[in-house]
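Student: Could we walk through this structure together? I would like to start with a strand and then move to a helix.
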Amino acid sequence: MIAGRWEQLQSKSFLESNARERAIGLADSGTFTELAGPRHRISSPHLPLMGEAVEFDDGIVTGVGLMGNKPLFIASQEGRFIGGSVGEVHGAKLVNIVRMARNSHDRMLAANPALPEEKRPAVVISFETGGVRLHEANAGLLAHAELMDQFQDCQGKVPIIALIGSKVGCFGGMGFAAAAADTIIMSQFGRLGLTGPEVIEEEMGKDEFDASDRALVYRTTGGRHKYIMGDCNLLVADSIAAFRDALRGVLAKPHAEISAMRRIGSLEKVLHQLRLVALCVKLAPRDSRDVWKYAGNGSPDELADMDFDTFLKTAERLVIDDREG
Amino acid sequence: MENLTGQGRAAIDMVVDPGSFREGKVSALSITDEEFGPGAVIGTATLDGTECTIIANDAMAANPGFPVVYAGIIGLEEAYKMAQAVYHSILADRGKPLPEKRAIILIVDTPGNGPGKQEEIFGMNKATGAYQMALAEARKAGHPIVALVVGRAISGGFLCHGMQADHILALSPKFNTLIHVMPITSIARITKLDIEWLQELAKNNPVFAPGPDFFHKLGGVEELINSNEEMRGRVIVHLAEIRAKKMAGRDEELGPWGRGALGAERGGRVARSRVIKVMNDEFEKVAERYL
């Protein structure tokens, strides 16, 4: 790597960075090794049949790096290649990096059962994807199921941290995957959901949801909304350094504390989510602002537009008491 | 031959012991509110005399609280209701030996997840993710899980209700069973590829074309079933096979990972295993620096 390149990456906008820059910049300087990278020229065997161009990384950078003494297994999706979509090769790389982390964990613990947590592996995924790649839809869908399977194997062993702050956001089946991570870190430019805005408009009509209304789209799936809802744990500034600092902060915690940041993954979490669903029925929100107001934000209109630091200081997050009702 | 699309409840009766299905009950869980997640049918039945958990879609029900949740769509309440049924199955058999872990049978007929505004505001992705994690946990805890596709198994709906099973069975295409991410017309619109050409390509390209037989070729479905009468018998056979593998410690041959190997074996997904091998080999060369 060119000297000074890593330092330059740190101040770079996460939103503007490509997948490889994010992967390199998140790990400690000079520690990232790409696995199944472009030099292997493993591209989609299916795209040429459709007359589409290929990339030698199939739109995802996978590899291993360090953060202090901790091995990081990193996957970083590239939205500029067919929307970061998951095909057979892309999916296999993503699934296998998670599996590799868990296998490494088991291997290290077998060799040294007293291995301190600071040396145990973690998975970091920088999501930028709309989910399944339609050109190889069936293979992409199957890869999604494999990823959730690997995530479950990691529960209680290997923390999985999701980072969302890139242009495409994180949608479709990959929205499930991100939700199943231990910790979600977003910037205000990140978007997370299941159904994309155009499909909601198609289902509900333009009066209910206008997909061309950018502010509405951000209010519904953007980082600020997810932060208020508790659907992301941390909201950070838009730089690789800010994401890296937040990641380091999370990974310094004991694993039990990281697991406690989960939204789903146990009966207790499901019962908590059901209280939120009951609130959804009660409020029948026409807009995210209805929920922001319920959470204690007196002037929800201002929340979307105020500058980022003021937002962090001002925003009230939704709290539901599990002992109620 | 009867088409079972929209007939999730009838399909339950065709599989389990006659009259044995108790809806809403899974061990300590009892759901009596008929307006709560009505599109998801959960309960306990016996199959060949042994208790099992049933989770199915009811395409005739509509959720009064969520306008986009009807016709078998899995909404927020439906997904969490299904997840509860799974977690209570795990709790009920905690500490029991493998032969006594109750089976979970998924009857699949869903067009997808709730595609609405309220769903996005409160996080539909969490609900379906929660159900998938519950099923994966149950599978790894030793519960044999079979999914039986009797109608529609579409995209995210199939991902959460079906694809985490140990084995997936589907009625063959002559029953109009649908397994896909999107119809060809939608794929053409979004990818901007020529529809006639795509339709031609779809005749023999399993990797993108809709259809249970293509999923079979990719290893995404273990077996296609050719008559309604065979469903019950095949579920019983597969459950026994799954249980035997779990008892032999061959879990890796089951579930999504097992279907990966099946895809290579059937020739539908060969790039996957090649990539995994390259990554693993390359990692071994540098592992010492990291572990």
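Tutor: In β8(B), the side of B:H167, B:L169 and B:L171 faces one way and that of B:I168 and B:A170 the other, and all are buried, where buried takes 20 or more other C-beta atoms within 10 Å of a residue's own, with C-beta atoms placed from the backbone. Strands here are DSSP runs (E, at least two residues) and helices likewise (H or I, at least four), numbered from the N terminus. This is a predicted model, in which local features need pLDDT of at least 70 and side-chain atom pairs count only at pLDDT 80 or more, while totals for chains, interfaces and linings use all residues. Residues are numbered from 1 along each chain as its sequence is written, and chains are lettered from A and ligands numbered from 1 in the order in which they are written.

Student: Which way do β7(B) and β8(B) pair, parallel or antiparallel?
Tutor: They pair in the parallel sense over 4 bridges, pairing being called when DSSP finds at least two bridges between two strands, and B:A147 has B:I168 in β8(B) as its bridge partner.

Student: And what about β10(B)?
Tutor: Strand β10 (residues 223-225) of chain B runs parallel to β8(B), joined by 3 bridges, with B:E223 of β10(B) opposite B:L169.

Student: Switching to chain A, how many residues of helix α2 are buried?
Tutor: Of the 8 residues in α2(A), which spans 19-26, 6 are buried, among them A:R22 and A:I24.

Student: What covers them?
Tutor: The cover over the buried residues of α2(A) includes α1 (5-10), β2 (60-67), β3 (70-77), β4 (122-126) and α9 (240-251) of chain A, judged by contact, that is, C-beta atoms placed from the backbone lying within 7 Å.

Terms used
A residue is buried if 20 or more other C-beta atoms lie within 10 Å of its own, exposed if 12 or fewer, and partly exposed in between; C-beta atoms are placed from the backbone. Two residues are in contact if their C-beta atoms, placed from the backbone, lie within 7 Å.
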